[in-house]
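We will begin with the whole chain and then stop at a few places inside.

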Amino acid sequence: MKDKTILLNNGVDVDASLELFGDMETYNETLNDFLESVFEKLEEIKKYKETKDMPNYAILVHSLKSDSKYLGFTKLAELSYQHELESKANNLEFVLEHYDELVNEANRVINVVQKYLGENVNAKEHSANKTLENDFILIVDDSDIIRNFIQKIFKDQYEIMVAKDGKEAIDIISVADPSKVGGLFLDLNMPNIDGFQVLDYLKENNLFEVIPTSIITGDDSKEAIDRAFKYPIVDMLNKPFNEKEAKLIVQKTINHGK
């Protein structure tokens with residue numbers, strides 16, 4: 001059995017995370033997901049910092065903030081949030097001055113998680129292993145944690161495809177029979193092609209009547225909500241959410257119009 005005190009003694013709010021994940025088994029699996037994705041995410045954050053691309057930098061630190069909140073990494077969540085706000089304000093000076101602080105805390109968290117998990121780190125499931133022959137639901141989010149959490153909830157009920165950004169989502173939808181897409185669950189704030197561009201694609205190709213679509217997002221601003229509901233979406237779920245809330249929106253979406 002893993003020693004939970006390793007997390008607690010290093011400031012990880014495990015109890016708050018269990019309110020979302022329900023049990024330590026699911027939480028531990030999600031920690032595995034975090035380790036599988038965090039190094040790539042930090043590399044992308046570094047790239048956008050070095051190219052002074054503040055819009056995409058903001059999207060990536062927002063994702064890191066969301067992951068950290070889900071897993072109880074309180075300090076990393078707070079630092080990521082500060083970077084998100086300042087990069088959205090195009091404050092490159094703040095980003096450059098405080099970048100090392102963010103990365104050092106991320107590395108500290110990684111070391112704590114690795115110590116806690118030991119060698120028991122599982123490989124994550126890739127959507128490339130799925131086929132498009134059967135009905136499926138599509139989860140689009142730049143957070144591995146969100147995608148994998150939803151996959152774990154519904155793996156015994158539905159065929160699931162995942163996409164890490166809007167481009168991957170459009171690539172999947174464009175080659176699928178739209179009637180096979182039982183539900184689309186879409187984040188708004190993603191790099192490359194964001195959720196609103198996917199919504200535009202659905203609208204331009206008259207796919208809303210065929211593909212029931214709901215939003216899962218950490219952006220609860222009035223502007224984002226009002227803009228999203230200008231499209232014929234089914235509903236919106238704000239992060240962080242728990243298993244019960246995820247089940248409700250999935251059922252509502254896949255049963256929409258039936």
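Start with the surface display: the protein chain has an accessible surface of about 12600 Å², and 45% of this belongs to carbon and sulfur atoms. Areas come from the Shrake-Rupley method with a 1.4 Å probe, and for residues only the protein chains shown count as cover. Please note that this is a predicted model, where local features need pLDDT of at least 70 and side-chain atom pairs count only at pLDDT 80 or more, while totals for chains, interfaces and linings use all residues. Residues are numbered from 1 along each chain as its sequence is written, and side-chain values use heavy atoms, with hydrogens and water left out.

**The whole chain**

Switch to cartoon, and you will see 11 helices and 5 strands. These are DSSP runs numbered from the N terminus (helices: H or I, at least four residues; strands: E, at least two). Along the principal axes, the C-alpha atoms fill a box of roughly 50 × 45 × 30 Å. The radius of gyration is 18 Å, which agrees with the value near 18 Å for a compact globule of 258 residues; it is taken over C-alpha atoms, and the globule rule is 2.2 Å times the number of residues to the power 0.38.

**Two parallel strands**

Next, select S1 (residues 136-140) and S2 (residues 160-163). The two strands run parallel, joined by 4 bridges; strands pair if DSSP finds at least two bridges between them. Look for Val 140, whose bridge partner in S2 is Ala 163. Now show the S2 side chains: Ile 160 and Val 162 point one way, Met 161 and Ala 163 the other, and all are buried. In a regular strand, side chains alternate between the two faces of the sheet.

**Aromatic stops**

A search of the whole structure finds 8 aromatic pairs. Rings of Phe, Tyr and Trp (its six-membered ring) pair if their centres lie within 6.5 Å; planes under 30 degrees apart are stacked, over 60 edge-to-face, and the rest tilted. Select Phe 21 and Phe 149, an edge-to-face pair at 5.0 Å centre to centre with 75° between the planes. Phe 21 sits in helix H2 (residues 14-21) and Phe 149 in helix H7 (residues 144-154), so this pair ties together parts 128 residues apart in sequence. Phe 21 is buried at 2% relative accessibility, and Phe 149 is buried with a relative accessible area of 2%.

**Charges over rings**

Which ring has Arg 227 over its face? Select Phe 196: Arg 227 lies over that ring, 3.8 Å from its centre. Then move to Tyr 99, where Lys 49 lies over the face at 4.3 Å from the ring centre. A charge sits over a ring if NZ of Lys or CZ of Arg is within 6 Å of the ring centre and within 35 degrees of the ring normal.

**Last stop: Thr 253**

Finish in helix H11 (residues 243-254), where Thr 253 is found. Is Thr 253 buried or exposed? Thr 253 is buried, with a relative accessible area of 0%. Leaving out residues up to four places away in sequence, Thr 253 touches Gly 182, Gly 183, Phe 185, Pro 212, Thr 213, Ser 214 and Val 234; contact means heavy atoms within 4.5 Å.

Conventions
Buried < 20%, exposed > 50% of the residue type's maximum accessible area, 1.4 Å probe, protein only.
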